[in-house]
Amino acid sequence: MSRQTVACFDCLPPYVAGLSMKERSNFVNFHKALRCVPSYSGLLPEEVVRDKDTVKWAYNVAVTRSIEWNNNGERLIAPMADMVSTFVNSLPPSAALVPSTG
């Protein structure tokens, strides 16, 4: 697992460094909030919450498949759009997405 240091952020262009720091901060806050969910709630097993790699994977899946809504930090996932995107990306480059008229 790689860990970003201050030197890593210094090597990035300013805009990218800012985005990267913001995203890292969002993940850290997400992980802290997740650890506050009581284990007795049954939502997530304790071993999942403690496994930072699993939490990072889940966070990245959710963030990359969602859009920000109303500029208040709330994110929405559009499952059908994600399914279409996955389908289209799995097609070979030669596949036509338009029905043939022949």
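**Helix packing and a salt bridge**

Helix H2 (residues 14-35) packs against helix H4 (residues 52-64) at an angle of about 120°, and their axes lie 11 Å apart. The model behind these values is predicted.

Me: Which residues in H2 and H4 meet?
Reply: From H2 come Glu23, Asn26, Phe27, Phe30, His31 and Leu34, and from H4 come Lys52, Val55, Lys56, Tyr59 and Val63. By class, this contact of H2 with H4 has 6 nonpolar, 2 polar and 3 charged residues.

Me: What makes Glu46 and Arg50 a salt bridge?
Reply: Their closest N and O atoms are 3.6 Å apart. The cut-off for a side-chain nitrogen of Arg and a carboxyl oxygen of Glu is within 4 Å, so the pair qualifies. The structure holds 1 salt bridge. Both partners sit in helix H3 (residues 46-50), 4 residues apart, which is about one turn of the helix.

Me: Why does Glu46 count as partly exposed?
Reply: Its relative accessibility is 33%. Buried would need under 20% and exposed over 50%, so Glu46 lands in between.

Me: And why does Arg50 count as exposed?
Reply: Arg50 has 59% relative accessibility.

Note on methods:
Residues numbered from 1 in each chain as written. Predicted model: local features only at pLDDT ≥ 70, side-chain atom pairs only at ≥ 80, totals over all residues. Heavy atoms only, no water. Helix = DSSP H or I, 4+ residues; strand = E, 2+ residues; numbered from the N terminus. Buried < 20%, exposed > 50% of the residue type's maximum accessible area, 1.4 Å probe, protein only. Axes fitted to C-alpha atoms, helices over the stretch in contact; angles between N-to-C directions. Contact = heavy atoms within 4.5 Å. Nonpolar A, V, L, I, M, F, W, Y, C, P; charged D, E, K, R; others polar.
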